[in-house]
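Below is a colleague's note for someone opening this model for the first time. Please keep the display at hand while going through the numbered points.

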Amino acid sequence: MGTYRGFAELLDAIERLAERGARLCQIGRSIKGEPLFAVHFGSEAENARTAVVLAGVHPNEWIGIEAGLSLMERLAATDLGDRSVIVFPIVNPDGVLAVEAHLRERRRRFVRHNARGVDLNRNFDAHWSHRGPLQRLLPWVFARGSTPASEPEVAAIGFELSERRVDRAVSLHSFGGAVLFPPAHSIWPVPDYAEHRAWAKAVARAAREEPYDAQPCSWWSKGITHGGLELDWFHERHGAVSLLVECEGGPSLSLSRLLQPFAWFNPLDLGRVATSVAGAVLPFVTGAPVPKTES
Ligand SMILES: [Zn+2]
């Protein structure tokens with residue numbers, strides 16, 4: 001795993017946040033019975049405007065979990081006023097444990113699913129029945145589940161947020177170095193395109209000296225559309241400004257890295273990437289005003 005922390009260490013770090021004012025809630029259990037957590041910061045009022053952060057939806061994308069932890073360290077030290085932030089720090093714990101077991105046994109495996117073989121980021125209740133060309137071609141890779149939110153990991157998020165005023169959301173993935181915004185299921189711009197673009201550009205510039213890409217999700221994937229993404233769900237179900245950050249991955253400097261999927265998704269300089277992505281999304285999740293777009 002190199003410098004990356006294992007699942008047990010990540011859970012310890014999440015639990016330690018409670019000593020610094022974060023409120024940890026268990027919101028359910030995964031298919032294999034692992035606890036699913038939400039971590040709350042800021043106002044406890046149910047009608048507080050809320051930003052949501054997801055990490056660890058795709059278990060190979062470990063850098064997203066580390067960026068989420070770095071972000072939570074900052075949130076614990078931030079006065080959020082009348083706003084709140086809810087972080088789902090490891091959405092897919094069964095997948096994360098499977099990745100860790102493969103790494104420790106030196107197996108080279110590509111893991112994308114939960115324990116039931118579902119891609120959790122095709123299982124959200126937003127255009128779930130839309131299947132894009134890749135989903136038709138590779139249905140086992142982009143398996144969407146039996147019904148919208150059929151998976152406990154996705155259902156728990158929906159339930160936790162059902163009474164919340166979610167106005168901003170960001171999901172932390174890798175790799176590719178991009179800040180994506182809706183839509184994923186269509187190529188037509190969303191009505192609030194300008195606000196999304198302003199935020200995506202601002203986060204992309206703050207994430208790295210050479211800015212990340214900032215585009216609608218379907219444009220970034222060259223017109224290939226996808227149904228059931230969290231990105232569209234936050235935008236359509238909650239009316240939130242919704243971002244998906246693809247953290248930069250690792251360089252394939254050697255054959256051993258080229259053959260190990262974990263190395264594609266996770267940069268060697270974990271500290272730099274986690275810290276800079278956390279810093280880049282902090283103004284967005286803490287309620288800063290919409291950035292002015294450059295001319
Ligand atoms: Zn992903």
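**Notes on salt bridges, a helix, a hairpin and a patch**

1. R104 forms a salt bridge with E100, and their closest N and O atoms are 2.8 Å apart; a salt bridge here is a side-chain nitrogen of Lys or Arg within 4 Å of a carboxyl oxygen of Asp or Glu. The two residues are four apart in helix 3 (residues 93-104), so about one helical turn separates R104 from E100. R104 is exposed, with a relative accessible area of 53%, whereas E100 is buried at 12%; buried means under 20% relative accessible area, exposed over 50%, and partly exposed in between, with a 1.4 Å probe and protein chains only.

2. The model is predicted, so that local features need pLDDT of at least 70 and side-chain atom pairs count only at pLDDT 80 or more, while totals for chains, interfaces and linings use all residues. Residues are numbered from 1 along each chain as its sequence is written, and side-chain values use heavy atoms, with hydrogens and water left out. Helices (H or I, at least four residues) and strands (E, at least two) are DSSP runs, numbered from the N terminus.

3. By the salt-bridge rule the count comes to 11. One of these joins the side chains of R83 and D167, at 2.8 Å from N to O. Because R83 lies in the loop between helix 2 and strand 4 and D167 in strand 5, the pair ties together parts that are 84 residues apart in sequence. R83 counts as buried at 6% relative accessibility, while D167, at 22%, counts as partly exposed.

4. A further salt bridge is formed by the side chains of R208 and E248, at 3.5 Å from N to O. R208 lies in the loop between helix 6 and strand 7 (213-216) and E248 in the loop between strand 8 and helix 9 (255-258), so this pair ties together parts that are 40 residues apart in sequence. R208 is partly exposed at 23% relative accessibility, and E248 is buried at 10%. Salt bridges that share partners join R208, E248, D269 and R272 into one network.

5. Helix 11 (residues 270-285) has 16 residues and reaches 22 Å from its first C-alpha to its last, close to the expected 22 Å, where the expected span is 1.5 Å times one less than the number of residues. Its buried residues include L270, V273, V277, V281 and F284. The buried residues of helix 11 pack against strand 3 (49-55), helix 2 (62-76), strand 4 (84-88), strand 5 (165-174), helix 6 and strand 8 (241-247), with contact meaning heavy atoms within 4.5 Å. After helix 11 comes G287, whose phi is positive, near 95°.

6. Strand 1 (residues 23-29) and strand 2 (residues 35-42) pair in the antiparallel sense over six bridges; strands pair if DSSP finds at least two bridges between them. Q26 stands opposite F37 in strand 2. The hairpin of these two strands has five residues between the strands, and there G33 takes a positive phi near 90°.

7. On the surface, I187, W188 and W219 form a nonpolar patch with about 370 Å² of accessible area together. Patches are made of residues with over 30% relative accessible area and no salt bridge, with like charges joined within 9 Å and nonpolar side chains (Val, Leu, Ile, Met, Phe, Trp, Tyr) within 5 Å; accessible areas come from the Shrake-Rupley method with a 1.4 Å probe, and for residues only the protein chains shown count as cover. I187 lies in the loop between strand 6 (178-181) and helix 6 (193-207), and I187 is partly exposed, with a relative accessible area of 42%.
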